[in-house]
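Colleague: I would like a close look at one part of this model, with the cut-offs behind each term. Please pick that part and work through its packing residue by residue.

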Amino acid sequence: MENFNYYTPTKVVFGKETEQQTGQLVKECGCRKVLVHYGSGSVKKSGLLDRICRSLDEAGVDYVTLGGVVPNPRLSLVYEGIGLCRKENVDFILAVGGGSVIDSAKAIGYGMANEGDVWDFYAKKRMPQGCLPLGVVLTIAAAGSEMSNSSVITKEEGWVKRGCNSDYVRPRFAVMNPELTMTLPAYQTESGCVDIMMHTMERYLNQAENMELTDGISECLIRTVMKNAGILLEDPRNYEARAEVMWAGSLSHNGLTGCGTDGGDWASHQLEHELGGMYDVAHGAGLAAVWGSWARYVMDARPERFARFAVQVMGVKDTGDAMETAEKGVQAMEEFYRSIQMPHSRRALGVDPGDEELRELARKCSFDGGRTIGCVKKLDQEDIYRIYQNAR
């Protein structure tokens, strides 16, 4: 096993009607003025935004609001948020929404706490040295951003999607009421389930000699999400299933399933980031569309690991041949994607680029050939192109 640091400073307030505690939680952080950041009209239509603002009023917390976050959150709104926060002397950000809202809030926090262009951090030109403190009221179980150190933003110029990781952006608290996710469309719910699974699979499918305990947690987490994804397809208002998936989402991306590993592969995420940036697809659905192609391209470098995944997670019978068992595991996962109405290929995703576009995706993903991705296999620009191509 590898040495590791495990840091999870986020206070979790989980359960029914917990959003009513938001004002007091913000007040306990000692702030003077809050930016309430949210997405489209759903938090308004549901009455959640009014309840949050009422809770802040009752706690005596001053605030301003900024909505408009979309999936694959945009850099232009981040700039707008930074300008508003500076004008209003905001010293705390409250994200009311899912991963996109939280990631946008984190980027605004970076911009407030550091000089210069916030995009520099996402373009890997420099590292942030701080972030405005933030809290979360979670409405979508998917990204795990409510407890993670990561933020992903899309720059409209060139449609480039990039991430920045630092512990500065770990939220002070996360209010998590599974009831708030019950009205999500099925596609969004199931896409979120895939995202949760992939956050664990990226860490699990690696090149390290892992801890048995971490492997066991990871395997159980993925199986739990798969089970409840099926339940929610048939019964979207099932509270217990919503709760299982919401808690899994946080645990999948707060570092727990990476303890003792080499950090994981993350090539599937890098591949999807370019699809999301260019075609604005749902993140989890994009991950499902490229995962099988990636797995088949790299699993000969670690067949025993993929075979274990097939047996322990997918319930495949061990054939005695690691590569054969591994392939059966990939097939089983693709069948699962189909069963929850998620795509298993680019065409099923609704994206069918020509060769020139595939090469452009590979160029962007490899940073113009300047980097490799992944650890199961180090993938260069040509490898990346072939994975996109094979995901047809």
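Modeller: Helix H9 lies across strands S1, S5 and S8 (173-176), and its direction makes about 175° with that of S1. Helices (H or I, at least four residues) and strands (E, at least two) are DSSP runs numbered from the N terminus. Angles run from 0 to 180 degrees between N-to-C directions, and axes are lines fitted to C-alpha atoms, for helices over the stretch in contact. Contact here means heavy atoms within 4.5 Å.

The model is predicted: local features need pLDDT of at least 70 and side-chain atom pairs count only at pLDDT 80 or more, while totals for chains, interfaces and linings use all residues. Residues are numbered from 1 along each chain as its sequence is written, and side-chain values use heavy atoms, leaving out hydrogens and water.

H9 (residues 239-253) also packs with helix H8 (residues 212-234): their axes come within 9 Å and cross at roughly 145°. The crossing of H8 past H9 is left-handed, meaning that the near helix is turned anticlockwise from the far one by less than a right angle (clockwise would be right-handed). On the H8 side the contact is made by Leu221, Thr224, Val225, Asn228, Ile231 and Leu232; H9 contributes Ala241, Arg242, Glu244, Val245, Ala248, Leu251 and Ser252. By class, the residues of this contact are 8 nonpolar, 3 polar and 2 charged. Nonpolar covers Ala, Val, Leu, Ile, Met, Phe, Trp, Tyr, Cys and Pro, charged covers Asp, Glu, Lys and Arg, and the others, Gly among them, are polar.

Now the sheet itself. It is open and has 6 strands, in the order S1-S8-S5-S4-S2-S3, with parallel pairing; two strands pair if DSSP finds at least two bridges between them. S1 (11-14) and S3 (62-66) are the edge strands, each with pairing on one side only. From one strand to the next the twist averages 20°.

Within this order, S2 (residues 33-38) and S4 (residues 92-97) run parallel and share 5 bridges. Val34 has Phe92 of S4 as its bridge partner. Helix H3 (residues 48-58) packs on the sheet, where it touches S2, S3, S4 and S5 (134-138); the direction of H3 is at about 150° to that of S4.

S4 is also paired with S5, again in the parallel sense and over 5 bridges, with Val96 opposite Val137 of S5. S5 in turn is joined to S8 by 4 bridges, and these two strands run parallel; here Gly135 stands opposite Phe173 in S8.

How many residues of S5 are buried? The count is 5 of its 5, where buried means under 20% relative accessible area, exposed over 50%, and partly exposed in between (1.4 Å probe, protein chains only).

In S4, Ile93 is worth a separate look. Ile93 counts as buried because its relative accessibility is 0%. Apart from neighbours within four places in sequence, Ile93 is in contact with Val34, Leu35 and His37, with Ala105, Ile108 and Gly109, and with Leu132, Pro133, Leu134 and Gly135.

Asp91 sits in the loop between helix H4 (75-88) and S4. Is Asp91 buried or exposed? With a relative accessible area of 15%, Asp91 is buried. Its side chain reaches the backbone nitrogen of Arg32 at 2.9 Å. The cut-off for such a polar contact is a pair of N or O atoms within 3.5 Å; within protein, one must be able to donate a hydrogen and the other to accept it, and residues adjacent in sequence count only if both atoms are side-chain atoms. Beyond its neighbours within four places in sequence, Asp91 is in contact with Cys31, Arg32 and Lys33, and also with Leu132 and Pro133.
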